[in-house]
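Hi everyone, thanks for coming. I'd like to walk you through one structure today, starting with a single residue and then moving on to where two chains meet.

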Amino acid sequence: MIIRLIITICLFVGTSLSWIDYGLFANPRSTVYFYNPETNINNFASLKSEFDEYLSHHGPFQFQPFSDRDTFEKFIIESNDGVFILSSWHFHDLFVKFPIDSVCVGTSKGKSTQKKILSLNGITTNDNFDLLMGKKVASAGNEEYTRNVIKQMLGEEKAHLVDCLKILRVPKEIDALMALGFGMADLAITSENSLSKLAILNPKQYKGLRLIAKSNETLLPILATPKHRNDNIDLLLTVIEKMGTNPEGVTKLKMLGIDGWKRLGKIEKTSLED
Amino acid sequence: MFSAFIALTLLFSNTVFAIDNGKVVVLDTDMTIGKYVIVHEVFKSKIANIADEIYLGSKSINKRKIKKKIRQIDPDVVYCIGSRAYQLAHDVTKNVDLVFSSAINYHRFPMRKNTYGISNELPQKMQMMMFRYFFPDIEKIGVLYSKTYNKEWLDTAIENAGEVNIEIIGTSIKKPKELSSALEALMLKVDALWLLADPVVLSNEESITKIFKKSKIEKIPVFTYNNVFAKLGATMIISADIPTIGLQAADMVLDRLANKAITQRVQPPAGSYIILNLKKVEEYGLNLNDEALDSVNEIIR
């Protein structure tokens, strides 16, 4: 009965049973904490099992994804046993509040930055952004992130307009483009990369889109650690960093939309911490 | 586990909307059905104007009682979850806006000019794009169907397929006993099989087993619509994302409360849920575009 209860609790909180082996009877596990407001993470079980399986070959490590910013931040404050994967936008925001250190940036096909594009369906030559008032934007990012990035694209003088936009949160960027294509949304916000995919998959739909605003280049997800690191964290950091050179590791990273890591340079670190 | 999932889905959005002078009643077919619970909870997380929530349950419905209740509340919109809820709301109300979701085959519903809704089916073109996205080498997709249930569906699919560089090859059967020979012939011509909800093709358990057995022998992947086929060996399952349906329904209700005209009265789901069977991908030697892995919700190994 007690064992059954433990199993239930473990399943409920999203930890695996092997945690009991490591967590209670051996060294405590170090954890990779993951949260990204730019993508709608609704593949928790698969993410967790795939990463846990990979990490288990390299030490007493586990992966913990979050859907909620507050819970994730609570873990950042309270945890000194792990590393964090988070968006550069979120890191920038957190850096002033918590003692965390950025170490690596994710890469995709050798690139460590991305741009977000705001697109609408149909060719129009009208550049009056006020026409966007009250329109519905499909986005895989959360509401706070989506409004923030559109404000950055359109400028502070259009902030009132951004506040009036309705956000339809969809599971993935390709869904946002589909929602636009099939009339469930008036606008979509996606990465350049997703638009390139659409151009290949459905050139007709792509040609029908109008790209109306572009964000600045932003860094892909950041790998960060607590300011004060111990040996466990250093070991975990190395394991995560090396995923990009291991074919199996690359496959797991692709579930996060990246295929490797690179150490942050001085300029990149400064831009994140400014 | 399930309640944890609900809690997570509630975090989809942080904004709860309230429109002055608007009343909404939620009519739910069955509070024990998981997908109804999810859309209901997500809907509630977005709408503050809910005057009442009525559950029909599995017992016989007291139509008169529900009619009286709805009349007393005098709502502006009734959100109907499931077919029974919609049909009842249609029968007991007249000038109230109805928004439905999670209803199987809404086409058979009596519709009126103030009926709105979210269908259960993802657009065909979107599904085909996903097939191509995940498996770029797949060009010819076979569909077994019956003309009685899916002729129109197939005609549209053939028309749409060219846009995403896919060829749809359809084989119709009139009776379940024609399945084996039709399947045999079709498998020779295609790179994948797209399994539809067709009562003639999927007439019984034996038919379903036959299809998956043949798929395994011929190493032809099966793409389909329902996660019940995951255990049987479907390679890819694409279905509507349930929480997104709840969000869309909430948006529709808000639009109606604000008296905003809705041009597309029945919308397809805006979110997809993808299950990928990597075991089958490897077994059949399929060329998987691993860039697509960030779009997968569940991986089967």
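Let's begin with Asn160(B), which counts as buried because its relative accessibility is 16%, and the cut-off for buried is under 20%. Please keep in mind that this is a predicted model. Where does Asn160(B) sit? You'll find Asn160(B) in helix α6 of chain B, which covers residues 147-161. Leaving aside residues up to four places away in sequence, Asn160(B) touches Gln124(B), Lys125(B) and Met128(B).

Now for the interface. Chain B brings 45 residues to the contact, and chain A brings 41 residues. Between them, the two chains bury about 3800 Å², with 53% of that on carbon and sulfur atoms.

How many salt bridges are there between chain B and chain A? The count is six. One to look for on your screen joins the side chains of Asp255(B) and Lys166(A), at 2.5 Å from N to O. As for polar contacts between chain B and chain A, the count is 15 residue pairs, with both residues at pLDDT 80 or more.

Which elements of chain B give two or more residues to the side that touches chain A? They are α1 (2-9), α5 (124-134), α9 (242-257), β12 (272-277) and β13 (298-300). Of these, α5(B) gives the most, with six residues. Sorted by class, that side of chain B has 20 nonpolar, 12 polar and 13 charged residues.

That's my tour, and I'm happy to go back to any part of it.

Notes: Residues are numbered from 1 along each chain as its sequence is written. Chains are lettered from A and ligands numbered from 1 in the order in which they are written. This is a predicted model: local features need pLDDT of at least 70, side-chain atom pairs count only at pLDDT 80 or more; totals for chains, interfaces and linings use all residues. Side-chain values use heavy atoms; hydrogens and water are left out. Contact means heavy atoms within 4.5 Å. Buried area is the accessible area (1.4 Å probe) that two parts lose on being put together, summed over both. A salt bridge is a side-chain nitrogen of Lys or Arg within 4 Å of a carboxyl oxygen of Asp or Glu. A polar contact is a pair of N or O atoms within 3.5 Å; within protein, one must be able to donate a hydrogen and the other to accept it, and residues adjacent in sequence count only if both atoms are side-chain atoms. Helices (H or I, at least four residues) and strands (E, at least two) are DSSP runs, numbered from the N terminus. Ala, Val, Leu, Ile, Met, Phe, Trp, Tyr, Cys and Pro count as nonpolar, Asp, Glu, Lys and Arg as charged, and the others, Gly among them, as polar. Buried means under 20% relative accessible area, exposed over 50%, partly exposed in between (1.4 Å probe, protein chains only).
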